[in-house]
Amino acid sequence: MSDRKSMDDIMALCKRRGFIYPASEIYGGINGFWDYGPLGAQLKKNLRDAWWEDVVLLPCGGNPGATGEPVSIVPLDSCIIQNPKVWVASGHVGGFSDPMCTCRQCKKLLRADHVPDLLREAAWVKSLAEAELGATGGRDEGGEPVARSAEIGRLKQWARKAGRKLAPGAWLVRNAEHQLSPPFAAAETEYPWPALLHTVATGVAACDAPHLVSACPYCGGDLTEPRQFNLMFHSYTGAVFDEDNKVYLRPETAQGIFTNFKNVVDTMRVRVPFGIAQTGKAFRNEVTPRNFTFRSREFEQMEIEFFCHPEEARQWYAFWRDSRMAWWQAIGLKGDNLRLREHDQDELAHYAKDGAGTSDIEYRFPFTAPGFGELEGIAHRSDFDLRQHQQHSGVKLEYFDNERGEPAPNGQPKGERYLPHVIEPSAGLDRGVLAVLCEAFTVDPARPSGVIMRFHPRLAPIKAAVFPLVNKDGMPEVANTLAATLTKRFARRGGSIETDPKQSIGKRYARMDEAGCPYCFTVDGDTLKDQTVTVRDRDTGGQERIAIEQVATFLDDKLG
């Protein structure tokens, strides 16, 4: 990813062009929740539709699956609120939690495992880095101790000024007058602050000072010991708010698929191997939601639970791992920003330890660079979920396969009863949209706006724009007629046809560049004479003339 891609610039464009807004912004917003604007809503729908078409309607492009037969997928739409026993069986009630700590000074809640990354981004830590306090570690180039009076003086100045503003809760700032004054400043104290603060500011891990390891990223205060915090939102059904009526907003869509496995087998003509696909909202009470829409409290998933015979699980795992990677590449996430990473053995989830493994499709976001963030996980869940629900519900969920088993006297298989293993490709729709936005964002100083959104045509929320060069001489009427014709033809292709007679043509092109519109058709004076229009290509900026009667065919070919 280019170093010129700034997350702040991407977020500013998303707000300016109507892709993503802070939820309930007029009331100050609410942390961890985001609304999709007109362009963002269409972009998100296009990505969801592309997944649906390529997973449910024509799985894997109609190509054969891991064992040679066509891939079979059926759709499902389960409820957000399920019987709470579902979450007991799945392990979410007892084990779906994160380590949480609280700042003793500012009272903010933080995920303990996020603290190191947050500290590196903290304003007060960056201030320390810029101040270069203790940059030598307390020693000169020859390794000799630096005069402590100089170190202490600079540190005390920082604590009184920048520290008081940026880190009022820090142990150092709160104790500056006492800790940095004689006799404490005259000798080595319990915590040699100049060197240790430089250690945190530069992200070096070799630091065992408790006051630094547990520092609050927001105010520098002391953090409590981590404690487990369940991530599920809860509510109540009925008029009585008690434990008997307590329910949960689902933290994932997968369990609705597992609890409906028997229903699908009994009512549809499906045979293992087959999959059930679902998109939908999920909710997690993240302690520290951050990085725009990457880690939110309300988000949408696109999940497949693919049921197969245990002996074929490894083949299907490899099939879905490679297939899903190819899909993200096909919609525009290519190059070094996308990678497939197999989990190490110690990373595997409880349901995958005896299975074929787990891999993540990861994207290098601006806020993770040079590292990567998870976009989709592909996991062999073994038979964990079906076994858990069978045990807790008392309902038999085994599948009877009459094409397997020992041969009967007549030579036909006796059949085999088993709990299928599950391969789960689980993608985040919101993270997918964010990756598409980041990948499309291209800085080009030669363009009027300085920015182009290079969306894959299949995903672009505006498919084309038709502009009259000027708002007179009959040009707007021709443009409106052409736009109406294109709208009728392309309304079901996942985007709008824009037309706008106002502002200079350069400003209109710039606005379409920022919206990611792949093609603009301009009606000018020559159009009225020879019935041709100028076509402008978003990515190259190149222009050519074609006949008006060829515009629809041209656009149809380009959009694919």
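Student: Which residue is the bridge partner of histidine 380 in S16?
Tutor: That partner is isoleucine 423. Keep in mind that we are looking at a predicted model.

Student: Okay, and how do S13 and S16 pair, parallel or antiparallel?
Tutor: Strand S16 covers residues 421–428, and S13 pairs with it in the antiparallel sense over six bridges. Strands of a sheet pair through backbone hydrogen bonds, either parallel or antiparallel.

Student: What about S12 and S13, how many bridges there?
Tutor: Six bridges, in the antiparallel sense, with S12 made of residues 358–363.

Student: Is S13 enclosed or open, and why?
Tutor: Strand S13 (residues 373–382) is largely enclosed by the rest of the structure, because nine of its ten residues are buried.

Student: Now the whole sheet. What's the strand order?
Tutor: The order is S3-S9-S10-S16-S13-S12-S11, an open sheet of seven strands with mixed pairing. Its edge strands are S3 (73–75) and S11 (338–342), each pairing on one side only. From one strand to the next, the twist averages 20°.

Student: And how does S3 run relative to S9?
Tutor: They run parallel, and three bridges join S3 to S9, which spans residues 274–283. Look for proline 75, which stands opposite alanine 277 in S9.

Student: Changing topic: which residues have the most contacts inside the largest nonpolar core?
Tutor: Trp320 and Trp328, in a core of 66 residues. Apart from that core lies another, of 22 residues, including Trp171 and Val173. In soluble globular proteins, nonpolar side chains tend to be buried together.

Student: What does tryptophan 320 touch?
Tutor: Leaving out residues up to four places away in sequence, tryptophan 320 touches Cys60, Val71, Ile73, Ile304, Phe306, Ile378, Ile423 and Pro425.

Student: Which residues in H14 are buried?
Tutor: Trp320 and Trp328 are among them, as are Ala313, Tyr317, Arg321 and Met325. Helix H14 (residues 313–330) has 18 residues and reaches 25 Å from its first C-alpha to its last, close to the 26 Å expected. Just after H14, glycine 332 takes a positive phi of about 115°.

Student: Which residue has a positive phi although it is not a glycine?
Tutor: Phenylalanine 292 does, at about 60°. It sits in the loop between S9 and S10 (298–308). Phenylalanine 292 counts as buried because its relative accessibility is 7%. Aspartate 473 also has a positive phi of about 60° without being a glycine, but it is exposed, with a relative accessible area of 54%. Aspartate 473 lies in the loop between S19 (462–468) and H17 (475–490).

Student: Where are the cis peptide bonds?
Tutor: One runs from valine 272 to proline 273, with omega near 10°, and proline 273 is in the loop between H13 (261–267) and S9. Another runs from alanine 369 to proline 370, with omega near 5°. Proline 370 is found in the loop between S12 and S13.

Student: Last one! How many disulfides are there?
Tutor: Zero, from a search of the whole structure.

Conventions: Residues numbered from 1 in each chain as written. Predicted model: local features only at pLDDT ≥ 70, side-chain atom pairs only at ≥ 80, totals over all residues. Heavy atoms only, no water. Pairing = 2+ DSSP bridges. Helix = DSSP H or I, 4+ residues; strand = E, 2+ residues; numbered from the N terminus. Axes fitted to C-alpha atoms, helices over the stretch in contact; angles between N-to-C directions. Core = buried A, V, L, I, M, F, W, Y, C linked by side-chain atoms within 4.5 Å. Buried < 20%, exposed > 50% of the residue type's maximum accessible area, 1.4 Å probe, protein only. Contact = heavy atoms within 4.5 Å. Expected span 1.5 Å × (residues − 1). Disulfide = S-S within 2.5 Å.
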